[in-house]
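Please brief me on the sheet, the salt bridges and the charged surface of this protein. Keep it short and grouped by topic.

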Amino acid sequence: MRATSAHDADARSLRRESAAASFLPAIETSSPVPAVRQLYLQLRNGIVAGRLQPGHRLPSTRTAAREWSLSRGLIAESYDMLIAEGYAVGRHGSGTYVASGLPPIPTGVSDGHKAVPGNDTRALSAAARLAMRIGTPLPLQAPFATGRVIHDARTASLLKRLTLRHLDYTHDGYRDAQGEETLRQAIAAHLIASRGVRCEPGQIFVTSGTQQALDLVSRLLVSPGETVLVEDPCYPPARQAFVFNGALLSGIPVDRDGLITQALEAYDGPAPAAVYVTPSHQYPSGSALPLARRLQLLAFAQERGCWIIEDDYDSEFRYDGRPITSLQGLDATDRVIYLGTFSKALLPGIRVGYVIVPDDLVAAFRAARPIIDRFPAPLHQRVVADFLNEGYFPAHLRRLRERYRASRDFLARLLRERLAEHLIALPPEQGIHFTVSSTGSWADDRAVAKAALEEGVVVLPVSPMSLSAVAEPRLLLGFSGLTDEEADIGTRRLTRVFARLAS
Ligand SMILES: Cc1ncc(COP(=O)(O)O)c(C=O)c1O
């Protein structure tokens with residue numbers, strides 16, 4: 001009896017030994033992963049995959065060193081790692097064994113190099129699925145791409161100097177969720193003077209551009225399933241932010257004077273939580289909302305008890321006539337949430353924007369802001385604050401306005417000379433893009449945009465920005481940061497695009 005059991009135990013032990021012995025690690029000397037970790041991972045994977053079963057005795061460091069051509073120290077260290085993480089146990093005097101009693105290991109545990117591929121039980125949220133339908137990003141620097149900025153050498157060297165001033169990191173502990181006080185004071189002073197905004201620094205929340213402000217505003221002011229009224233056509237990233245947070249959208253048409261307030265007053269759908277507008281420069285059509293319509297919009301918000309979200313993204317670039325003051329400045333009933341950004345007026349890469357809320361919303365925004373990303377990073381805020389406080393901003397804007405005006409005029413000339421057969425292009429009085437319509441030679445703006453992209457030119461089709469089924473085909477051409485050479489090349493390529501589409 002005793003002999004038989006000893007024999008069985010020997011046989012089991014032999015089988016275990018041979019399984020462990022047949023294990024041969026492959027250490028890549030050129031890998032950035034240290035050899036110890038590579039060996040540990042390969043042994044761990046053997047255990048996880050069941051090739052090295054519970055109770056297997058791992059070869060002694062002496063045997064393994066001989067068979068695997070590795071140093072004993074390296075092997076001992078990787079065994080220690082396995083023991084420390086519970087994959088193996090060390091038995092004094094008799095060696096290292098694969099641990100017993102590990103729970104069943106799910107398939108697809110990472111091998112330490114790659115992510116585990118998804119399986120049927122992992123689901124994306126509805127918001128993620130929606131975000132994935134948005135489409136592929138366009139080239140950022142091609143002719144007519146929107147959102148480009150001109151390189152201004154004077155501003156660049158000022159920003160560099162101011163950045164160096166703040167690079168000592170002495171104040172970079174956790175910061176106020178609203179943003180740096182100096183920047184909020186500077187923004188308040190700038191907006192009171194230039195945009196007629198009524199605000200105190202305490203109402204300002206610094207955000208990572210307008211986009212984060214839109215996200216914050218929709219989370220705080222619109223519950224999932226509630227309706228937001230948007231201009232039709234509308235700035236797509238704003239629509240996306242509302243829908244991403246569960247809002248339903250209803251479009252109010254725009255004409256050459258912006259939002260048609262008669263259509264707004266006739267709206268009889270579910271009670272809106274908010275109306276999103278770009279009153280100083282409607283995106284994408286380019287119109288400015290006249291005073292009478294502004295007053296009607298404010299009255300609508302008051303009657304229906306909803307918020308107005310005013311996106312004032314590019315009002316610094318007005319070329320003719322006086323700048324139109326903000327809607328927020330007209331609002332006596334604290335209905336307007338004002339969004340601004342330095343993405344156009346300074347640089348999009350610094351990601352400094354802001355949202356200005358009425359006093360009675362400050363507590364809610366203060367409570368929610370840190371949940372999203374604690375507080376905005378201070379370095380660029382301090383740089384922008386100094387840029388404003390030390391008086392560089394007005395001259396910077398004058399330089400940019402001059403150059404953008406010249407780019408606008410040059411592009412208008414080229415469009416007139418080369419593309420009048422296809423495009424009706426009125427130079428915009430404000431902003432940094434042309435919105436052009438068809439002479440009748442084309443009707444499908446998506447097809448034009450697709451063909452243009454094949455020629456290396458980015459023109460945005462306006463019809464997908466509309467919620468209504470029948471949208472006027474139009475195209476959007478950015479001119480900020482566009483060199484004359486690019487304008488020349490871009491318009492030549494567009495003539496080829498139209499010739500190709502016509503043939
Ligand atoms: C209507 C509108 N709002 C806001 C922005 C700026 O967004 P952000 O500040 O997130 O860069 C843009 C930029 O193109 C815009 O067109």
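The briefing below covers the sheet, then the salt bridges, then a charged patch. The model is predicted. It holds 26 salt bridges and an open sheet of eight strands.

- Strand β10 spans residues 336-341 and strand β11 spans residues 353-356. The two pair in the antiparallel sense, over four bridges.
- Tyr338 stands opposite Ile356, which belongs to β11.

- Arg318 forms a salt bridge with Glu429, with the closest N and O atoms 3.0 Å apart.
- Arg318 lies in the loop between β9 (307-311) and β10, and Glu429 in the loop between β12 (423-424) and β13 (433-438), so the pair ties together parts that are 111 residues apart in sequence.
- Arg318 counts as buried because its relative accessibility is 15%, under the 20% limit. Glu429 is partly exposed, at 44% relative accessible area.
- Asp320 forms a salt bridge with Arg405; here the closest N and O atoms are 3.7 Å apart.
- Asp320 is also in the loop between β9 and β10, while Arg405 lies in helix α14 (residues 393-419), so this pair ties together parts that are 85 residues apart in sequence.
- Asp320 is partly exposed, with a relative accessible area of 32%. Arg405 counts as partly exposed too, at 30% relative accessibility.

**Salt bridges around Glu455**

- The side chains of Glu455 and Arg496 meet in a salt bridge, 3.0 Å from N to O.
- Glu455 lies in the loop between α15 (445-454) and β14 (460-461), and Arg496 in helix α16 (residues 484-502), so the pair ties together parts that are 41 residues apart in sequence.
- Glu455 counts as buried at 17% relative accessibility, whereas Arg496 counts as partly exposed at 45%.
- Salt bridges with shared partners join Lys450, Glu454, Glu455, Arg496 and Arg500 into one network.

- Glu200 is found in the loop between α7 (181-195) and β4 (204-207).
- Glu200 counts as exposed because its relative accessibility is 53%, over the 50% limit.

Technical notes. Residues numbered from 1 in each chain as written. Predicted model: local features only at pLDDT ≥ 70, side-chain atom pairs only at ≥ 80, totals over all residues. Heavy atoms only, no water. Buried < 20%, exposed > 50% of the residue type's maximum accessible area, 1.4 Å probe, protein only. Pairing = 2+ DSSP bridges. Salt bridge = Lys/Arg side-chain N within 4 Å of Asp/Glu carboxyl O.
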